[in-house]
Amino acid sequence: MSENQGGVAFVGLGRMGLPMASQLVRAGVPTVGFDVGPAARESFAAAGGAVADSAAAAVAGAATVILMLPDSGVVESVLGDPEVVAALRPGTTVVDMSSSEPARTRALAGKLVGLGVAMVDAPVSGGVARAGTGELAVMVGGEDTDVARVEPLLTRLGTLYRSGGIGSGHAVKALNNLMSATHLLVTSEAVLAGRRFGLDPARVLEIVNASSGRSGSSENKWPRFVLPGSYDSGFGLRLMLKDMRIAVALAEQVGLPSRLGADAVEVWARAAEELPADADHTEIARWLDEHAPPPAGA
Ligand code: NAD
């Protein structure tokens, strides 16, 4: 594999990373991808991307390293790999687009400074569909000069929203997902209760969506993934639980513990224990239905 001179190294070609990296390729951005999964690497090659056989090979010579990995632990292990450290050149900007932990992101950015490498956090919202069309919401934390360097690249992936200094994007992202997961939980409880009362769930959603109870869960997730029974949003239940825990810990740290958030975490954690490892997060609705007590008199 030749050196990725001045281009993008994209590490993590999963449900989100693959369509995002493919979007860069379509936009003509020189991009070398790597994933530990051979199937992910093959899919990226099929999309026209150049594939490296290690993270270090992808990173060698790159001006920008984009990470789209499961969590902070994996991000730290990739960036802590001695071969990657040796391959990172001074002046490189690392952009962590994964939904990571803000405090760990700040600590990592501090370590990278020692290598002459800048870091920006840029987690996203919008799911697999919007990843494929370059229409994500991108929450950007970092120093202005570092963000300015990667802005033209990131705008290929979606609309940028500056959130503040390093780690702030990851903080907003986790807080967003705590809200999203809690909406989905209460929307599911309410729609399922309505159905047991004898209401048509589709009609309940239609009315709620013209009323004050509406949310992304009532307008998007329930109609698209729960009502048809497909449960295929492409966002894993365990990844959602990870984000909720990050947000609940953050609230605790700043002295404003989220009681509702902690309760929601408890329910999602029980679902995560009982559902298969690859369960989609929208399966929380099916799990709730199956685990709710039977109707009185049944
Ligand atoms: P995913 O599990 O589909 O993809 C993660 C990829 O990382 C996998 O292909 C895996 O093989 C790869 N990987 C793991 N360890 C690696 C390593 N050491 N080196 C190289 N590759 C490695 O997850 P996803 O759904 O794409 O999510 C990625 C991140 O984006 C997560 O932080 C998630 O919370 C966040 N996110 C997901 C969605 C969504 O809708 N799926 C939306 C917004 C944000």
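Because the model is predicted, local features need pLDDT of at least 70 and side-chain atom pairs count only at pLDDT 80 or more, while totals for chains, interfaces and linings use all residues.

Entry one: the neighbours. I found 24 residues around the ligand, a residue being near if one of its heavy atoms lies within 4 Å. Met-16, Asp-35, Pro-70, Gly-234 and Lys-242 come nearest. I noted that the shell holds 14 nonpolar, five polar and five charged residues, with Gly counted as polar and Tyr, Cys and Pro among the nonpolar.

Entry two: polar contacts (pairs of N or O atoms within 3.5 Å). A polar side-chain atom of Lys-242 is 2.8 Å from a ligand oxygen. A polar backbone atom of Met-16 lies 2.9 Å from an oxygen of the ligand, and one of Gly-234 lies 2.9 Å from a ligand nitrogen.

I read that domain 1 (2–165) and domain 2 (171–290) both give residues to the shell, so the ligand lies between them; the domain bounds come from an automatic or database assignment.

Note on methods
Residues are numbered from 1 along each chain as its sequence is written. Side-chain values use heavy atoms; hydrogens and water are left out. A polar contact is a pair of N or O atoms within 3.5 Å; within protein, one must be able to donate a hydrogen and the other to accept it, and residues adjacent in sequence count only if both atoms are side-chain atoms.
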